[in-house]
2 protein chains.
Amino acid sequence: MNRMFDYVEKAAFHRPDAPSLTFLEESFTWAQTRSRCRAMAAKLHELGVGSGDLVAHLGFNSHYLFELYFIPSLVGAACVPLNYRLSKAEMVEVLADCDPMVLIADAAHMDMARAVAAQVESITVVMGAGEMALRPGELSYDDIANSAAKPLDPTLAGQDDDTIILLYTGGTTGHPKGVELSHNNVMSNALGTLAPYGFKENETHLVSGPLFHAGSGSRVYSAVVLGAHTVIMQRFDPGEMLRLVPAYGVNVAQTVPTMLVMILDHPDFADSDLSSLRMMTYGAAPIPEALLSRVMKEMPQIRFAQAFGMTEASPVLTVLTAEYHTLEGPFAGKMTSVGRICAHVDLRIADAAGNALPTGEVGEIIARGPNVARGYRGNPEQTALSFRGGWYHTGDSGYLNADGFLYVVGRIKDMIISGGENVYPIEVENVISLHPAIAEVAVIGVPDDKWGEAVQAVVVLKPAANVSAQEIIEHARARIAHYKCPRGVTFTIKSLPLTPINKVDKIALRKAYAEGAL
Amino acid sequence: MNRMFDYVEKAAFHRPDAPSLTFLEESFTWAQTRSRCRAMAAKLHELGVGSGDLVAHLGFNSHYLFELYFIPSLVGAACVPLNYRLSKAEMVEVLADCDPMVLIADAAHMDMARAVAAQVESITVVMGAGEMALRPGELSYDDIANSAAKPLDPTLAGQDDDTIILLYTGGTTGHPKGVELSHNNVMSNALGTLAPYGFKENETHLVSGPLFHAGSGSRVYSAVVLGAHTVIMQRFDPGEMLRLVPAYGVNVAQTVPTMLVMILDHPDFADSDLSSLRMMTYGAAPIPEALLSRVMKEMPQIRFAQAFGMTEASPVLTVLTAEYHTLEGPFAGKMTSVGRICAHVDLRIADAAGNALPTGEVGEIIARGPNVARGYRGNPEQTALSFRGGWYHTGDSGYLNADGFLYVVGRIKDMIISGGENVYPIEVENVISLHPAIAEVAVIGVPDDKWGEAVQAVVVLKPAANVSAQEIIEHARARIAHYKCPRGVTFTIKSLPLTPINKVDKIALRKAYAEGAL
């Protein structure tokens, strides 16, 4: 048994009146969550949804999406949470890729859902989640969820290895890829991260990141395994977080370092009682030493854990545990690493031919484990490529040190080869961003007759700041090898183009550079 | 990927020169363990061992048996570690039940192995593990393991859901039952117990219990997932343990409360440096308060964790974590419970019809989870009975309190029904054993015309002690309900009959009582 709804059943049996989740001041108990999920699943079965089928969701974070992390699995189907930031064309592309039968939308996205459903043949049912005027043929999620659940044949729930959630990724590589995560995958992530995160039973977790991503979405499964109470934010807002933590006694919160700065700088910070909050987990970027110092002074009870991973790994591969978040003692100096390989995961550094590299050498990070997806839905070519030889090839480059700590240096695809030397843009970007005049920086490779590629920095200056290209290059030369330093600097007054998940869009940037459009 | 040898590969890749295991002063590195396992697996393949086949082991604890926890799985087969305490007839019965192809024995059990192999048709190869004179046709384990490994087709290793180990159980219920544990089962136990046990990476573990049991055997899989160094004792000996802990810097040891007393009472205790030992895990019986007090005074650095489970659960169901091993504060008073349900497990208390009972009510402990076996090999009837409705029926009775702590009260089959009331022998035994004259006690139900069954105590007195039956009955009446108190007391000078796993053999005892043979 790894079927995740069994853990909803467990929580609802042992602690029926304990809170399962809270969203916009509305709280539910585990008994209510069980009942709502069962009722919705029975309706899906009535609608003909079954083994291998999909139910898509379009909307902000909500209790509906939390419930949908489980509901389709009760009839052997899976949920597809859509990124609401996608354009209509992108949504249609994703939905045409996976052919869901049902599309569920919140009030803010219902019009988009209708427009999209009209273009995707497989969608036969549109449901509204929340209060809104429905059109003929559309169903109300709440009407169904609040009705008495009809008994459902337990054998419909399928097997541990069936897909429970399909999460689309794609980032900067073009065509979206639907990552098939099974019960076994998400369970091993939930179980394998308990110890390194230092999670405890029956605590209260705050989820502020988007539930259409594995980073926050995986926490739904962690919460159910722990019997935790999840407080869901529609979208991250520092003032709202300062209100929610004392209101619900939040013990664990997900964050990224930038959010932490927003919290500390918020006018309500000094008057907020954050004493219940004991743990913050973060990812995406290392926590700067100055920020850690500030947190240690202003929120001394907080411990940190940093995770590194991606959707294909359900998502965690490594965790930098709490004891390494320190500025002194034998554990100091590890904060620029993403920590050690989790017990359930294996991870290697590989060269282009797939051979594992020794300690200290930079190469592609590859991983395997019970948390690693079996592949991309309906995409055997990309699956065969990314999962070749039984290892998921992350596309990230990094190295392991002698103590087993992983350091991530950048994206393989962003790597610049200049005069035969490998240059990782992130290293150059980190150095340039230290210059006081720089607001934003991205480093790309541009065609060069002599060197193959040349390192080019694209920078946005801070308001009223002034610096020459030569000064920036000299700033870099004082800190890193010459071959890594920019040969040219482009100044732009526009913000750098971002992908839907807020990473600099290097493809768009290289294109704009080539077209002289910066 | 949940295939356990992949974690040997992981440890051998990342820490090739770190110690994997030590046995009788001989230490191996992870690279050596990998090489030995691969070489043996290649030989098994050559011998025709493949998917679904079995390799049996007969012998004391050793590095051979540690290796065999992985080796057959490399060709899709499984290991059967035999209980060396069984009689020849019992061994033949077990082996005829599972039909292994290969039997591997240590020097102390080689003659028995030859005798048994002659009677079990399926066994075509006998191997000697260790130094001994071999007969024609017999193979030397070490000669094979020390040879260079031939490459083995990785697809032979089979799937995550294949059986990796077959552990025989039977205890007091007659015909032995082979519990099929899959990679998924043993992995979820290893992963799910990391947090409640408080295990850390790369420590040194001492295994002193028999590796033919799930209790100690499961620690082989915990160790490989943690990259731990396992120090294996051939059999438990307190003086040897006092020597091994400082010699190898043991951090974690398995024990039972009786062993702990033997350690504290040992003449070498005062001079032994046990400072590396930070955690002791135990099972089988609660730790008495007086013993905990003594340990807290004499070994203040030690923390405890108690586990409850059985082979069918790979084996852990609940853990009483370190913070509840205290005599004061809000966590005091939990030491007679076996702790809370692990995150990966669900557990209920059921009545005879299988209905879950409310908090506080006594019934049969039933459990499900990814750690729960799919059943007994070649025994669909017993599998259907014990695993009915998707839940493993443990045969143990107990109750859950309002905080979710499990209290075990005895074996369902040992339960006495006297005048319509349920009496659990263990409760009566615990009370009688408090009497200063009693050395051993067992409580059984005996036929009674009026009450159906009557409670009968069988006691062995301490040397030179003297007490009447009436005094024992009054001692019990002062402490527990009258209907639970013995109606008769049998005095015997023989020690009580034990099962091969050192529990009082109630079947033999009832028989001896009926025959007047006590």
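## Contact between chains A and B

In this predicted model, 24 residues from chain A and 24 residues from chain B form the contact, two residues being in contact if their C-beta atoms, placed from the backbone, lie within 7 Å. On the side of chain A that touches chain B, at least two residues each come from helix 1 (5–14), helix 7 (183–192), helix 8 (194–197), helix 9 (214–226) and strand 17 (346–350). Helices (H or I, at least four residues) and strands (E, at least two) are DSSP runs, numbered from the N terminus.

That side of chain A comprises twelve nonpolar, seven polar and five charged residues. Ala, Val, Leu, Ile, Met, Phe, Trp, Tyr, Cys and Pro count as nonpolar, Asp, Glu, Lys and Arg as charged, and the others, Gly among them, as polar.

## Sheet of chain B

Chain B has an open, mixed sheet of nine strands in the order 2-1-11-10-12-13-14-15-16; pairing requires at least two DSSP bridges between two strands. Strand 2 (26–29) and strand 16 (340–341) of chain B are at the edges with a single partner strand each, so one side of each has no neighbour in the sheet.

Strand 14 (residues 303–309) and strand 15 (residues 316–320) of chain B are antiparallel and share four bridges. Phe308(B) has Thr318(B) in strand 15 of chain B as its bridge partner.

## Basis of the model

Residues are numbered from 1 along each chain as its sequence is written, and chains are lettered from A and ligands numbered from 1 in the order in which they are written. As the model is predicted, local features need pLDDT of at least 70 and side-chain atom pairs count only at pLDDT 80 or more, while totals for chains, interfaces and linings use all residues.
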